[in-house]
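Q: I have a structure to go through with you. Can we take it piece by piece?

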Amino acid sequence: MSSDPADSPDHLGHRERLRTRFAETSGEGLADYEFLELLLFRAIPRRDVKPIAKRLIRRFGSFAEVLAAPPHLLTEIDGVGESVALDLKVVEAAGRRLARGSVAKRPVLSSWSAVLEYCRTAMAFADREEFRLLFLDKRNALIADEVQQRGTVDHTPVYPREVVKRALELAATAVILVHNHPSGDPTPSSADISMTRQIIDVAKPLGIAVHDHIIVGREGHASMKGLRLI
């Protein structure tokens with residue numbers, strides 16, 4: 001008979017109780033570390049994963065931030081190997097794809113809450129700045145969603161003519177600019193505002209509208225149009 005604590009009735013019972021709670025509530029009311037436990041059950045079948053889940057939350061702050069963390073930082077946590085880190089990144093990618101599906105082939109301006117949720121899912125918890133472009137057709141449906149640039153923790157180089165060039169290649173008639181602030185605060189900087197206005201100045205004569213520039217962060221989002229900055 002095995003003396004491995006992982007085989008103890010208490011350990012196995014905890015897993016079943018947590019699975020039952022999830023099945024009955026679809027996850028409502030579960031703490032972030034409990035969601036992580038559910039993910040880790042399959043990746044680590046013969047260990048008590050609660051301590052690992054709690055270490056991950058303690059290190060990164062939340063469920064979303066754990067999923068967004070780079071693999072090399074995830075594997076610094078005791079109990080998280082490369083295969084576990086990969087499993088977590090697969091879940092993150094699945095979340096992005098699910099969120100993107102809610103905005104694809106739909107008029108973006110009439111499903112604005114879905115657009116904001118997608119942008120937050122895709123970028124809010126990234127550890128570097130990313131500049132993303134949502135290209136729209138004449139019906140304001142999404143043609144393409146592309147990350148144009150990746151930068152540092154507080155700067156991403158953006159070239160207005162490259163933005164417009166890509167819009168012309170895709171026959172887009174409008175764009176939505178999106179970038180993240182890894183600091184967490186989505187408040188637009190003076191550089192953000194200046195860059196946005198430069199893009200508008202280059203795009204407008206070519207018949208390309210800039211509907212908005214959204215900045216996302218852990219603390220929420222900011223819309224330059226909503227703030228009347230453009």
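Q: Leaving aside neighbours within four places in sequence, which residues is Pro-71 in contact with?
A: Pro-71 is in contact with Ala-85 and Lys-89. Contact means heavy atoms within 4.5 Å.

Q: Before we go on, what kind of model is this?
A: It is a predicted model, where local features need pLDDT of at least 70, side-chain atom pairs count only at pLDDT 80 or more, and totals for chains, interfaces and linings use all residues. Residues are numbered from 1 along each chain as its sequence is written, and side-chain values use heavy atoms, with hydrogens and water left out.

Q: Back to Pro-71. Where does it lie?
A: Pro-71 lies in helix H5, residues 71-74. Helices here are DSSP runs of H or I with at least four residues, strands are runs of E with at least two, and both are numbered from the N terminus.

Q: How far is its C-alpha from that of Leu-88?
A: The two C-alpha atoms are separated by 8.8 Å. Along the chain, Pro-71 and Leu-88 are 17 residues apart.

Q: Pro-71: what does it count as, by relative accessibility?
A: Partly exposed, at 42% relative accessibility. Buried means under 20% relative accessible area, exposed over 50%, and partly exposed in between, with a 1.4 Å probe and protein chains only.

Q: And Ser-62, buried or exposed?
A: Ser-62 counts as buried because its relative accessibility is 16%. It lies in the loop between helix H3 (50-60) and H4. Beyond its neighbours within four places in sequence, Ser-62 touches Asp-32, Ile-57 and Phe-125, by the contact rule.

Q: New topic. How many aromatic pairs does a search of the whole structure find?
A: Two. Rings of Phe, Tyr and Trp (its six-membered ring) pair if their centres lie within 6.5 Å; planes under 30 degrees apart count as stacked, over 60 as edge-to-face and the rest as tilted.

Q: Which residues form the edge-to-face pair?
A: Phe-22 and Phe-35, at 6.3 Å centre to centre with 85° between the planes. Phe-22 is in helix H1 (residues 9-25) and Phe-35 in helix H2 (residues 32-43), 13 residues apart, and the pair links distant parts of the chain.

Q: Why is the pair of Phe-35 and Phe-63 called tilted?
A: Because their planes are at 55°. The ring centres are 5.6 Å apart. Phe-63 lies in helix H4 (residues 63-68) and Phe-35 in H2, so the pair ties together parts that are 28 residues apart in sequence.

Q: Which residues form one aromatic cluster?
A: Phe-22, Phe-35 and Phe-63. Phe-22 is partly exposed at 35% relative accessible area, and Phe-35 is partly exposed at 26%.

Q: On to the sheet. What is the strand order?
A: E2-E1-E3-E4-E5, five strands in an open sheet with mixed pairing. Two strands pair if DSSP finds at least two bridges between them. The edge strands, each pairing on one side only, are E2 (142-150) and E5 (220-223).

Q: How many bridges join E3 to E4?
A: Seven, and the strands run parallel. E3 covers residues 174-180 and E4 covers residues 209-217. The bridge partner of Leu-177 in E4 is His-213.

Q: Last one, helix H7. What do its buried residues pack against?
A: Helix H6 (82-101), strand E1 (130-136), E2, E3, E4 and E5. The buried residues of H7 include Leu-116, Tyr-118 and Met-123.
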